[in-house]
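Biologist: I'm new to this one. Could you show it to me and let me ask a few things?

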Amino acid sequence: MTKTRNASPARIAIAILAAGKGTRLKSKHPKVLHEVGGKPLLAHVVAAATQVVPPQDVYAIIGHEADRVRAAVGASGIGFVLQSEQRGTGHALMVARQALAPYDVVIVLSGDAPLITARTIEKLGDFHTSKQAAMTLLTAELDNPAGYGRVIRKKPGSDDVQAIVEQKNLSPAQQEIHEINAGFYAFHAQPLFRHIDKLNTDNHHGEFYLTDMAAILGKAKQRVVAVKASHAHEVLGGNTRAELAEIDQHMRRAKCRQLMAEGVTILYPDTCVIDSDVEIGPDTIIEPFVQLRGSTRIGSDARIGSYSVIQSCEIGDQVLVQAGCVLEHSTVKERASLGPYSHLRPGCEICEDAHVGNFVELKKTRLGKGSKANHLTYLGDAEIGERVNVGAGTITCNYDGVNKHKTIIEDNVFVGSDSILIAPIRVGKGAYVAAATCVTEDVPPDSLALGRARQIVKQGWAKEKREKAKAQKAK
């Protein structure tokens with residue numbers, strides 16, 4: 001991305017400040033694990049950072065609930081530094097000194113500002129090295145800068161920073177400045193760590209503020225500059241529940257715009273909840289009030305009906321998901337049809353041209369090509385072959401109170417309505433199971449299984465019962 005002053009490639013580290021408690025969120029959970037766009041705040045920042053430098057050069061400085069934070073983003077391959085006592089942003093870099101000092105440039109990001117992009121991080125780093133600065137601030141121009149520290153430049157249009165003035169210390173003239181300190185920085189590592197011990201806690205919160213490095217480096221005759229973010233929203237942090245909601249709304253609107261630009265029809269975007277990592281093919285239609293969560297992938301020419309909730313599923317081309325379906329961690333292949341009001345619990349595979357109908361629940365079940373389970377059925381821990389018909393009200397009894405057992409239904413089987421299949425059991429190819437049968441033994445291929453009680457008809461019984469009841473009432 002950048003070069004050092006002698007034009008050799010710079011070693012760049014990115015430090016993400018992620019140790020805070022999030023007091024203003026009034027939550028027992030770590031601030032950076034609150035979610036927007038379907039992922040923790042920190043996960044968004046890590047994703048942007050790892051587009052700029054390799055994961056091994058990204059360090060999250062963690063503290064509050066450190067083990068949970070590490071577990072949430074550990075799969076990304078980044079490094080971690082423990083700030084066991086949280087004494088401010090400057091203190092975070094003090095404890096990370098050993099990890100960061102070997103680098104030429106250290107870029108500092110905020111773990112609670114998930115809208116930051118790789119492009120802006122690169123802009124910050126490139127500007128920093130091009131100006132041969134000791135410290136570069138990322139700034140933003142806000143319509144309403146109240147509450148933020150203002151950046152005072154040495155003169156209008158200058159890159160060089162004279163001071164950062166906190167809100168409470170602003171003069172009347174300085175209150176007219178709308179350029180704020182965003183809390184993102186780039187440092188030349190040598191002057192940073194040579195002077196960082198000059199930070200003190202002489203402030204209201206008794207913490208070491210990284211912002212104070214601007215004044216310290218300036219007094220040491222080191223250059224401090226500022227570069228303005230192209231889009232002010234990128235620097236916004238989630239400090240309150242209301243701010244988290246605004247960031248989440250911004251992300252989801254941007255996601256809808258991206259998908260529509262790629263050829264997806266979203267009929268009423270403001271009603272849909274589509275997570276950041278969702279992928280959808282062209283000519284797919286998303287109806288109003290749909291939720292697409294996690295790592296869901298949807299192919300082309302599909303249709304997802306209103307009020308459906310899909311979590312981390314793979315859905316093929318030309319699939320129809322009718323209204324009100326709930327799908328979790330499952331696969332639906334080409335031209336299959338679901339719903340309305342179907343429920344796929346984790347581990348299901350619905351094969352090509354299969355049908356899962358209204359009020360049908362499946363769990364850890366494979367429904368073969370062209371097979372149908374259209375009404376009021378529960379299929380759990382089942383392997384169902386091709387061209388099978390599962391009648392209304394059928395149940396696989398897969399749990400004996402201790403262990404789960406498997407039901408296997410081979411190709412071309414017809415299962416009549418209201419049947420009960422008590423696992424472990426196998427129904428052979430081409431067999432029939434008569435309606436209302438309780439199947440407790442394997443059914444050979446091409447056989448009929450019939451297990452219902454013989455019907456008995458007692459003529460006149462109902463009339464006699466009514467007359468007897470009427471007579472007793474008359475006494």
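Modeller: Happy to, and keep in mind that this is a predicted model. Let's begin with a side-chain pair: a polar contact joins T139 and E179, at 2.6 Å.

Biologist: Is T139 buried or exposed?

Modeller: T139 belongs to strand β7, which covers residues 135-141. Buried means under 20% relative accessible area. The value for T139 is 0%, so this residue counts as buried.

Biologist: And what does T139 touch, leaving out residues up to four places away in sequence?

Modeller: E179, the partner in the polar contact, is on the list. Also there are V151, R153, I180 and A182.

Biologist: How many aromatic pairs does a search of the whole structure find?

Modeller: A pair of aromatic rings is described by the distance of the centres and the angle of the planes. Searching the whole structure that way gives 5 aromatic pairs.

Biologist: Take Y341 and F359: what is the angle between their planes?

Modeller: The ring centres of Y341 and F359 are 5.5 Å apart. Planes under 30 degrees apart count as stacked. This pair is stacked, with an angle of 15°.

Biologist: Which parts does that pair tie together, and how many residues apart are they in sequence?

Modeller: Y341 is in the loop between β24 (337-338) and β25 (343-344). F359 is in the loop between β27 (355-358) and β28 (361-363). The pair therefore ties together parts separated in sequence by 18 residues.

Biologist: Is F359 buried or exposed?

Modeller: Exposed means over 50% relative accessible area. F359 has 51%, so the label for F359 is exposed.

Biologist: Which strands does the pair of F414 and Y432 link?

Modeller: F414 and Y432 are stacked too, 5.2 Å centre to centre with 20° between the planes. They are 18 residues apart, and the pair links distant parts of the chain. F414 is in strand β36 (residues 414-415) and Y432 in strand β39 (residues 432-433), so the strands are β36 and β39.

Biologist: Which ring does the charged end of K404 sit over?

Modeller: The charged end of K404 is 5.5 Å from the ring's centre. The ring belongs to Y399.

Biologist: Last one: where is Q83 found, and is Q83 buried or exposed?

Modeller: Q83 is in the loop between β5 (79-82) and α3 (89-95). Among the residues Q83 touches are A19, I61, H91 and V95. Its relative accessibility is 3%, so Q83 counts as buried.

Key:
Residues numbered from 1 in each chain as written. Predicted model: local features only at pLDDT ≥ 70, side-chain atom pairs only at ≥ 80, totals over all residues. Heavy atoms only, no water. Helix = DSSP H or I, 4+ residues; strand = E, 2+ residues; numbered from the N terminus. Buried < 20%, exposed > 50% of the residue type's maximum accessible area, 1.4 Å probe, protein only. Polar contact = N/O pair within 3.5 Å; in protein donor to acceptor, adjacent residues only side chain to side chain. Contact = heavy atoms within 4.5 Å. Phe/Tyr/Trp six-rings, centres within 6.5 Å; stacked < 30°, edge-to-face > 60°. Lys NZ or Arg CZ within 6 Å of the ring centre and 35° of its normal.
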